[in-house]
Amino acid sequence: MNSPSPQMSTPTDYQPLPDAWDEMWDAETGVRPHWGDLVEGLAGLGARDWSARGQRIKRLLRENGVTYHVYNDPRGYSRTWELDPIPLLIDAAEWQQIEAGLEQRAVLLDLILRDLYGPQTLLKRGLLPPDLIYAHAGYLRPLLGALPADRRQLIFYAADLVRGPDGRIWVMADRTQAPSGAGYALENRSVMARTFPEFLEDASVVRLNPWLEAVRGTLAGIGNSAGPVHGAREHPQVVVLTPGPANETYFEHAYLAARLGYNLAQGDDLTVRDGRVWLKSVQGLKPVDVILRRVDEEWCDPLELRQDSRLGVAGLVEAVRRGNVALANPLGSGLLENPALIPFLPVLAKTLLGERLLLPSAATWWCGQARERQHVLTNLPRLLLKPIHRGQSSDTVFGPDLDRKQLALWRARIEARPHLFVGQEPLQPSTTPAMHGAKLMPHKASLRAFLVAHETGYATLPGGLTRCSSGHKLSAQSGALNKDTWITPTQLVLRPPPAAGEIGLVQSPNQTQIQSQSQSQSLVSVAEPSALVIPTQPSANLILNATSYRGDSEILTSRAADNLFWTGRYLERAEAVTRLLRAVLDGLWEEETAPGLEPVLHALMRLMGYAPGDCGCKDRDDLATCVRELTTYSERPGNLANTVRNLLACAYSTREYWSVAIWRLLDRVERDWGQRPRRAGGSHERIDLWLGRLVDALAGLAGLASETLPREAGFRYFDLGRRIERGLTQSTLLTQTLHSRLTGEAERESLSLVLQSADSLITFRRRYRAEPFLAGVLELLLWDGESPRALIYQIHTARRHLTEFAHAGQRCSAERQLFSAEERLYAAEANIEDWRVDAPARQALIRTLSEVSSQLTAASDAITHTWFTHVQELHALRPEPPRS
């Protein structure tokens, strides 16, 4: 066989699997026509170019913070999304047929959903068995009658597709509750566009952005129809409800919120008052019209659904019943994921639509029926066994993998509760080329396709999320690879567009009355699905104005403000501790500076919550060991390891606010942290080099955040945290300096280390043209209002932020504390007489700095109590400071 594979380090023949349809290679004709140009282009890449592009994909995904959490993976939340460089190609003519079948299926499932939570005609006429519906955990009885039957309820729909050995596309599963993956598909395209731009352009691959605009338009439309009591609003408020950073697809939640311009909210960010959902923000309660739900429905309301849930909103079901909020997808839509519905869909399609299903489903037998149950029991060794509800005690069971004892056990389970299981015919998926080392190898593939409702039907994302694996498990949790999916419109024939000429809110003129097979009386009235336009270029009337779907001003949730504030504090604390550690290391290894080490070391101890001279090391006489302990020990709040970990956690919780450049630096901090010297060893040079890289990254983070965050509320909370923390650091450092009884050369070396740790040594030398002296150091680090390292500068800046909040009607008692701190600091400057060790002015300044520290801490507490009181998490920079 001639090789169709691109040239790697050593060219190899691509060998498709026997008895499987291969997406790229036809045994009789070779490379399939719609793959030809891509294969030719890839074949022209040399080994070095391939390696560079593969590394670019990995780097872009890592730097963009694209993660997917596989449970029990040691990499935890930081597991980077894995993307294969070879896309899956689908011919546009074939895609139109797939698309039509998907739209038909979405319309059918929407009708079933509305009926089962409304008149229940399908149950009354015996078209669906009651056990199939009522025994499913996704049937939510509190929602009966809550979903209006006169308008579409299934907003988002996804289907898992595979191609069989005969080349036909089969539907393996329906995803209707909170379908995940569309955000990853969009990010896959973004990365591929930056890695293989010439191939995307040459192939004229259909763009994905119009689908995202359709999502925004649809959510705005259902928002205008929600809340009949309060009336439609010109700019409906939409939030993305997420379980939080621990969820495996949290990246996608944050990604979609940022791309669509919506607030990302957790359950605690929302509250229900008088039957209406409100968003807790720093500006007060804001009404919510639409919830883009990414929390499984059973967890959405602890009052009426799952009582132990901390992810949902108490009273949400009541708000839905009153029609005051719209959910996409609605509560109860998980019922449609029941695989036991699959064998009934052909009859339901003829009954409700008067049509046959365009896309066949995998052969499925529900064990709640006697004949079907016997078929499953007899053929269990070759079938797939699935529970009717995902999340039950078992996942898909592969019959061929079971031994005799296991088969007997599963047969007993089926016979005990037959209505909870289905058997499904295994289907040999098609294969597609994927990179395996330097070779192209065939991998089994499945495609998740995504649809969103609009007024005249459903809009399909051109392509979707392809997953491939060399094994038989194709889920992301099982470690499957991901691929971009290209629809190549070389032979694309567009179907007629909707009347308004765009994917939007257009009323179809045709209303079809669907007739039952057994009676002429109509069951449901449904708009006839329209054809979907797949533009190859964005038209002016398709590009919607994003601002028309947003409010008049930024709404910052209290949780986001809290995390931004603490991101600022942890960032400043991490940088300060790192600089102090470097200063201590310099003092330890340079004999001439060792006598002046005491004030800096004591300041470091104080900041980390230790008593001076006690860092918890086993060998307290060895200061070098002590510093290593402070650098790597992670169990105590205040230590560098703990601070960096909390910084990353807070930044990750507010990822929708950070630019790509910031994510690159966060990724660098995380990678460098994993390479830190361990406590058992590490030379001075290695530790110093590592600390230098860390402080550079932290300083870069602070600078980029200041340059990229808009001067809105989010930036002000972030910078407030930084200013308060830097003020506390400077107060502690200078207090220890004033406590020191060093004189002469030892004092000068000590002051040099103080300036070095404050990144102000060069500024001091340029200004005074002299060796460090106490009066100059205090002037620069305490009272110089133009120095960004001075304590007074921190207080001024923090007060300015609070003044801006006050002008917006958000007052906080922290203003009083900061004003008092400022007055005391200026008074101390006016009372300076001399700086001898026992001089009254020196002792008075020590007391003043202690009072300023207390007022800064009180200001932080006041900010928390004013704006973050509903947040459950407690933040800690260090344990309670020890008493002297």
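**The parallel sheet and its surroundings**

Reply: Three bridges connect strand β6 (residues 238-241) with β7, and the two run parallel. Strands here are DSSP runs of E of at least two residues, helices are runs of H or I of at least four, and both are numbered from the N terminus. Two strands pair if DSSP finds at least two bridges between them. Within this pair, valine 239 stands opposite asparagine 263 in β7.

This is a predicted model, so local features need pLDDT of at least 70 and side-chain atom pairs count only at pLDDT 80 or more, while totals for chains, interfaces and linings use all residues. Residues are numbered from 1 along each chain as its sequence is written, and side-chain values use heavy atoms, with hydrogens and water left out.

Now the whole sheet. It is open and has four strands, in the order β7-β6-β11-β12, with parallel pairing. The edges are β7 (263-265) and β12 (326-328), each of which pairs on one side only. From one strand to the next, the twist averages 30°. Helix α9 (residues 250-260) packs on this sheet and touches β6, β7 and β11 (290-293). Its direction makes about 150° with that of β7. Such angles run from 0 to 180 degrees between N-to-C directions, and the axes are lines fitted to C-alpha atoms, for helices over the stretch in contact.

Leucine 270 ties into this region. Its contacts include Val239, Leu241, Ala265 and Ile291, along with Val277, Trp278, Leu279, Lys280, Val288 and Val313, leaving aside residues up to four places away in sequence. A contact means heavy atoms within 4.5 Å. Leu270 and Ile291 are both listed among the residues with the most contacts inside the largest nonpolar core, together with Ile112, Leu219, Leu640 and Tyr717. That core has 247 residues. Helix α14 (residues 558-589) gives the largest share, 14 residues. A nonpolar core is a set of buried Ala, Val, Leu, Ile, Met, Phe, Trp, Tyr and Cys residues joined through side-chain atoms within 4.5 Å. Buried means under 20% relative accessible area, exposed means over 50%, and partly exposed lies in between (1.4 Å probe, protein chains only).

Next, a sheet with antiparallel pairing. Four strands make up this open sheet, in the order β13-β16-β14-β15. At its edges stand β13 (364-366) and β15 (397-398); each has a single partner strand, so one side of each lacks a neighbour in the sheet. Two bridges join β14 (residues 384-387) to β15. There, leucine 385 stands opposite valine 397. Helix α12 (residues 370-379) lies across β13, β14 and β16 (421-424), at about 120° to β13. Helix α13 (residues 404-416) lies across β14, β15 and β16, at about 125° to β16.

Strand β20 (residues 465-469) is a further case. Five of its five residues are buried, so β20 is largely enclosed by the rest of the structure. Leu465, Arg467 and Ser469 point one way, while Thr466 and Cys468 point the other way. Five bridges join β18 (residues 439-454) to β20, antiparallel. Serine 469 is the bridge partner of lysine 444. Three bridges join β20 to β21 (residues 481-483), also antiparallel. Here cysteine 468 has leucine 481 as its bridge partner.

Some helix residues are worth a look too. Threonine 729 lies in helix α20 (residues 713-739). It is buried, with a relative accessible area of 7%. Threonine 729 touches Ala576 and Leu607, residues up to four places away in sequence not counted. Arginine 664, in helix α18 (residues 660-674), is partly exposed at 30%. Glutamate 63 is 601 residues away in sequence, yet the C-alpha atoms are 4.2 Å apart.

Finally, the whole chain. The protein chain has 26 helices and 24 strands. Of its 884 residues, 59% count as buried. Among contacts between residues at least 6 apart in sequence, 72% join residues at least 24 apart.
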